[in-house]
Each structure stands twice: as C-alpha cells, then as structure tokens.
Amino acid sequence: MNRWTAIVDYGVGNLKSVTNAMDYLGLRTVITGDPRELERADAILLPGVGAFPDAAEKLRAAGLDRVLRAQAGRKPMLGICLGMQLLFDESEEIRPSRGLGLVHGRVKRIETEYKLPHIGWNSLTFQNDSPLFRGLEDGAWVYFVHTYCGVAADERDVTARTEYGPSVVAAVGHDGVYGCQFHPEKSGPVGLQILRNFGELSR
C-alpha cells in the first residue's frame with residue numbers, strides 16, 4: 001500500500017507549490033484539514049505563510065493543534081516557513097501567541113541591519129545531524145521569505161543556520177518533528193532532496 005503524507009490545510013499558505021514538489025518526487029499527498037486524516041497519515045507536513053497569531057488561532061479553532069501534538073513523535077512531521085515557527089512554544093509577532101510547543105523556544109523578529117523581510121537565497125551551515133539533509137553538503141543554497149525566526153531553547157534542536165547579518169536558525173529537529181524556515185519546495189534540487197529525505201522517513 002502506498003504510504004502518504006497529509007498536507008495540513010488550515011486556511012494559511014500556498015499548498016499547491018508544496019503539493020507539486022511532492023508529486024514530482026512521486027510522494028503521495030492528501031491536502032486535508034480533517035483530524036481523522038491526520039491521524040491516518042504516515043507523515044504530516046505543516047506549511048504556512050502569513051502572521052503567526054492568525055495561523056495559531058486557525059489551528060486551534062479547527063482543533064488541529066491538539067491532533068498535531070498527539071501525532072508528534074508517532075510519525076514524521078515537517079513544518080515549513082510559518083509552519084516551522086508554529087512548532088515553537090510562542091511568538092512575539094504582532095502580539096504574544098502560543099504555538100504548538102513541539103520545539104522549545106520563542107519566535108522573534110530578526111535583529112539585523114539588513115532589509116526585512118529577508119527574501120532570497122542563502123546558504124546553510126549544518127549542525128546536529130538531521131536526516132533531512134542526507135546527501136547535501138555544507139553551504140547548500142535555499143530560498144527564504146521571512147521577518148521572524150525561531151530561537152531554540154536548546155541548541156541541540158538546531159540542525160541548520162544561515163547568515164543574515166546575525167546567525168539565524170534555518171532548520172530544527174526534535175523527536176521526529178522537523179522544521180525548515182526556508183521553502184524547500186522553492187529551493188531547486190537542494191529543496192527536492194530535503195523533501196525526498198522527509199518522504200523516506202515514513203517508508
């Protein structure tokens with residue numbers, strides 16, 4: 001039986017580009033906001049574009065926050081961009097808001113002299129080995145669009161960083177829950193390798 005990934009639909013984010021990238025790799029996906037589907041899925045992908053408070057409220061209103069917490073650790077889970085930020089305990093964007101608490105730490109505005117939002121290609125420095133980055137070399141380039149970033153309470157949860165003035169957390173991983181602040185679905189062959197690696201985790 002084909003294993004499949006649930007792409008969480010909670011009214012936030014561009015689901016099509018992620019779906020297209022997964023389809024290209026031959027990875028079966030279902031876009032869904034149904035908690036029962038998330039429970040049945042072999043893996044979960046949480047995308048997101050926009051503001052943290054609105055996204056967090058949409059997850060809570062649909063009861064998806066409880067499901068995501070319950071499924072964390074039972075199956076691979078990947079948050080992308082805002083989806084990664086939602087994995088953290090809380091965010092200071094616009095107003096203090098609670099996240100999913102799957103990766104401990106806080107989402108803060110990037111303290112940089114460079115223009116925000118940070119839009120464009122930046123290279124990654126890997127640390128604390130992650131299965132997402134198998135087959136990739138330090139310095140791989142990926143595509144970012146963000147103003148805020150996660151600040152992990154435990155540096156062991158940080159798997160990649162990038163430079164945008166200061167060093168910025170680019171990826172995290174904790175007990176089978178992974179996050180990419182960048183957009184792998186928009187990052188060419190490097191991004192496709194990351195999504196392929198994620199797909200392999202549920203096989």
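A strand and its surroundings

Guide: Let's start at Ala43, which counts as buried because its relative accessibility is 1% (buried means under 20% relative accessible area, exposed over 50%, and partly exposed in between, with a 1.4 Å probe and protein chains only). Please keep in mind that this is a predicted model, where local features need pLDDT of at least 70, side-chain atom pairs count only at pLDDT 80 or more, and totals for chains, interfaces and linings use all residues. Residues are numbered from 1 along each chain as its sequence is written, and side-chain values use heavy atoms, with hydrogens and water left out.

Ala43 belongs to strand 3 (strands are DSSP runs of E of at least two residues, helices are runs of H or I of at least four, and both are numbered from the N terminus). Setting aside neighbours within four places in sequence, Ala43 is in contact with Trp4, Thr5 and Ala6, with Lys75 and Pro76, and with Phe198 and Ser202; contact here means heavy atoms within 4.5 Å. For a sense of distance, Leu132 is 89 residues from Ala43 in sequence, and their C-alpha atoms are 14 Å apart in space.

Now widen the view to the sheet. Strand 3 pairs with strand 1 in the parallel sense over 3 bridges (two strands pair if DSSP finds at least two bridges between them). Within this pairing, Ile7 has Leu45 of strand 3 as its bridge partner. The open sheet has 8 strands in the order 2-1-3-4-14-13-12-9, and its pairing is mixed. Its edges are strand 2 (28–32) and strand 9 (125–126); each has a single partner strand, so one side of each has no neighbour in the sheet.

Follow that order on to strand 4 (residues 77–80), which runs parallel to strand 14 and is joined to it by 4 bridges. Ile80 finds its bridge partner in Cys180 of strand 14. Strand 14 also pairs with strand 13, this time in the antiparallel sense, again over 4 bridges, and there Gly173 stands opposite Tyr178. Strands 13 and 14 form a hairpin with 2 residues between them, and Asp175 in the turn has a positive phi of about 50°. Strand 14 (residues 177–180) is covered on both faces: Val177 and Gly179 are buried on one side, Tyr178 and Cys180 on the other.

Cys81 sits in the loop between strand 4 and helix 5, with a phi near 55°, a positive value in a residue other than glycine. Cys81 is buried, because its relative accessible area is 7%. Asn128, in the loop between strand 9 and strand 10, likewise has a positive phi for a residue other than glycine, near 50°. With a relative accessible area of 37%, Asn128 is partly exposed.

What packs around this region? The largest nonpolar core has 32 residues, and those touching the most other members are Val8, Tyr10, Leu38, Leu46, Leu59, Leu68 and Leu86 (a nonpolar core is a set of buried Ala, Val, Leu, Ile, Met, Phe, Trp, Tyr and Cys residues joined through side-chain atoms within 4.5 Å). Among the elements that give two or more residues to this core are strand 1 (4–8), strand 3 (43–46) and strand 13 (167–174), along with helix 3 (52–61) and helix 4 (64–71). Helix 3 gives the most, with 4 residues. Another core, of 29 residues, lies apart from this one and includes Ile7, Leu25, Leu45 and Phe198. As for Tyr10, its contacts beyond four places in sequence are Leu46, Pro47, Gly48, Ala55, Lys58, Leu59, Leu64 and Leu86.

Strand 5 (residues 88–91) meets strand 6 in an antiparallel pairing of 2 bridges, where Ser91 has Ser97 as its bridge partner.
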